[in-house]
Amino acid sequence: YALHGHAILTKLATLATETALELNRLDGITCRGGWGSSRLGDPTRLVVSALARGHTGYELEAYLRHEYRTQIEMADLFGVVLVLTAGHTEAHLREV
């Protein structure tokens, strides 16, 4: 990370942005994150909600954990927070 940290962060933030855009195309899913979400302060975080589909963040967390073996940073009544790491790939995020 010492030599390539900026490139890794740039790649992760771009991947987060692309993932947020894809998730927002799904009916009933809202996602904030990536470069376009300066309010979050971390471009590698995604905040995802499925309330419009009738699912709480707790339900979404359980589904993602059991079906896709995805670790959720935090869940609440409204949604979940995911943090992308250097171990995440585009293929992994497309699967989810």
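**Ground rules.** I worked on a predicted model, where local features need pLDDT of at least 70 and side-chain atom pairs count only at pLDDT 80 or more, while totals for chains, interfaces and linings use all residues. I number residues from 1 along each chain as its sequence is written, and side-chain values use heavy atoms, with hydrogens and water left out.

**Sheet.** I looked up the strands (DSSP runs of E, at least two residues, numbered from the N terminus). I found 4 strands in an open sheet, ordered S1-S2-S4-S3, with antiparallel pairing (two strands pair if DSSP finds at least two bridges between them). S1 (30-33) and S3 stand at the edges with a single partner strand each, so one side of each has no neighbour in the sheet. S3 and S4 are joined by 2 bridges; I noted that Met 74 has Val 81 in S4 as its bridge partner.

**Salt bridges.** I counted 4 salt bridges (a side-chain nitrogen of Lys or Arg within 4 Å of a carboxyl oxygen of Asp or Glu). In one of them, Glu 22 meets Arg 25, with the closest N and O atoms 2.5 Å apart. I looked up exposure next (buried is under 20% relative accessible area, exposed over 50%, partly exposed in between; 1.4 Å probe, protein chains only). Glu 22 is partly exposed at 39%, and Arg 25 is exposed at 60%.

Glu 61 forms a salt bridge with Arg 65 at 2.8 Å between the closest N and O atoms. Glu 61 is buried at 17%, whereas Arg 65 is partly exposed at 36%.

**Phe 78.** I placed Phe 78 in the loop between S3 (74-75) and S4 (80-83). Phe 78 is exposed, at 51%.
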